[in-house]
Amino acid sequence: MKFNLIILTLFFINNLICAETTPLDYVLKEDSVTLIAVDFKDLENKTKAGTFHYNVYVPAGYSANKDRKYCCLFIASPGGNAGLGNVKNWSKKNEWIVVMLVESKNDDAPGASMSNFISAHDDVVKRLRIQNGFKFGTGHSGGARVSSLFSSYREGFAGVILQSAGFAWDKTGYLYDSAKNNKNLTVYAIIGTKDGNLKEISELDRNLPVHTIRKLISPDIGHEWAPEADIVLGLE
């Protein structure tokens, strides 16, 4: 009896674990945000395995427009649980798919931020009709640095909007490989005049590859998510 109880308990635990991964045929509500769970296997050995999550905004009319492919914006936050925030109105009006990373945050366990991005990216391109070549990344502060790496890990990115920080860096310096290797990547940076990272505007201008189209602005703000009007200019 005790053995059977153990087997039954393990069965239920296994089912709970498996149930957390969101099936690809799960129906997503339109003009709404849905939490998706992904079982990430770490096949590239660059990150870490585990279950990661993202919230996805699906625009109204998605199901009716079956032949249409959509622009997609990926968002990272320094505190995790990224939200629509300053792109809420834009994504609704212009009918963009928006992927908001959940576990990606500052001071995360090694590799967790990129595991969150890769797992979300690879899942959403199978789950939804996303136009390759019309993917964009953005984030605030440490989330901006994470978003600067998206193009290094997955193809099809046309631009990155950096809010309150420049590119990711390590002991060797700033990591511009995504811009160097993707000549189609446009860089739009918004770092306020009252932000301690303001100096990174000139750093970007000096060290981005010559071929990189860039727009670098400094509104009268501190270390914060960009005003909606400025983020919209970067998306247009």
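Student: Hi! Where is Ser164 found?
Tutor: Ser164 is found in the loop between strand 6 and strand 7 (169–170). Helices (H or I, at least four residues) and strands (E, at least two) are DSSP runs, numbered from the N terminus.

Student: And what should I know about the model itself?
Tutor: It is a predicted model, in which local features need pLDDT of at least 70, side-chain atom pairs count only at pLDDT 80 or more, and totals for chains, interfaces and linings use all residues. Residues are numbered from 1 along each chain as its sequence is written, and side-chain values use heavy atoms, with hydrogens and water left out.

Student: Back to Ser164, then: buried or exposed?
Tutor: Ser164 has 1% relative accessibility, so it counts as buried. Buried means under 20% relative accessible area, exposed means over 50%, and partly exposed lies in between (1.4 Å probe, protein chains only). Phi of Ser164 is near 70°, a positive value in a residue other than glycine.

Student: Which side chain makes a polar contact with the side chain of Ser164?
Tutor: That of His140, at 3.3 Å. A polar contact is a pair of N or O atoms within 3.5 Å; within protein, one must be able to donate a hydrogen and the other to accept it, and residues adjacent in sequence count only if both atoms are side-chain atoms.

Student: Where is the place of His140, and what else does His140 touch?
Tutor: His140 is in strand 5, and at 7% relative accessibility His140 counts as buried. Leaving out residues up to four places away in sequence, His140 touches Ala76, Pro78, Gln163, Ser164, His223, Glu224 and Trp225. Contact here means heavy atoms within 4.5 Å.

Student: In which sense do strand 2 and strand 4 pair?
Tutor: Strand 2 (residues 50–58) and strand 4 (residues 97–101) are antiparallel, with 4 bridges.

Student: How many bridges join strand 9 to strand 10?
Tutor: There are 4 bridges, and those two strands run parallel. Ile190 has Ile217 in strand 10 as its bridge partner. The chain gets from strand 9 to strand 10 through helix 7, a β-α-β crossover that is right-handed. Right-handed means that, with the strands pointing away from the viewer, the path from the first strand over the helix to the second runs clockwise.

Student: Last one: how many helices and strands are in the protein chain?
Tutor: The protein chain has 8 helices and 10 strands. Of its 236 residues, 49% count as buried.

Technical notes. Two strands pair if DSSP finds at least two bridges between them.
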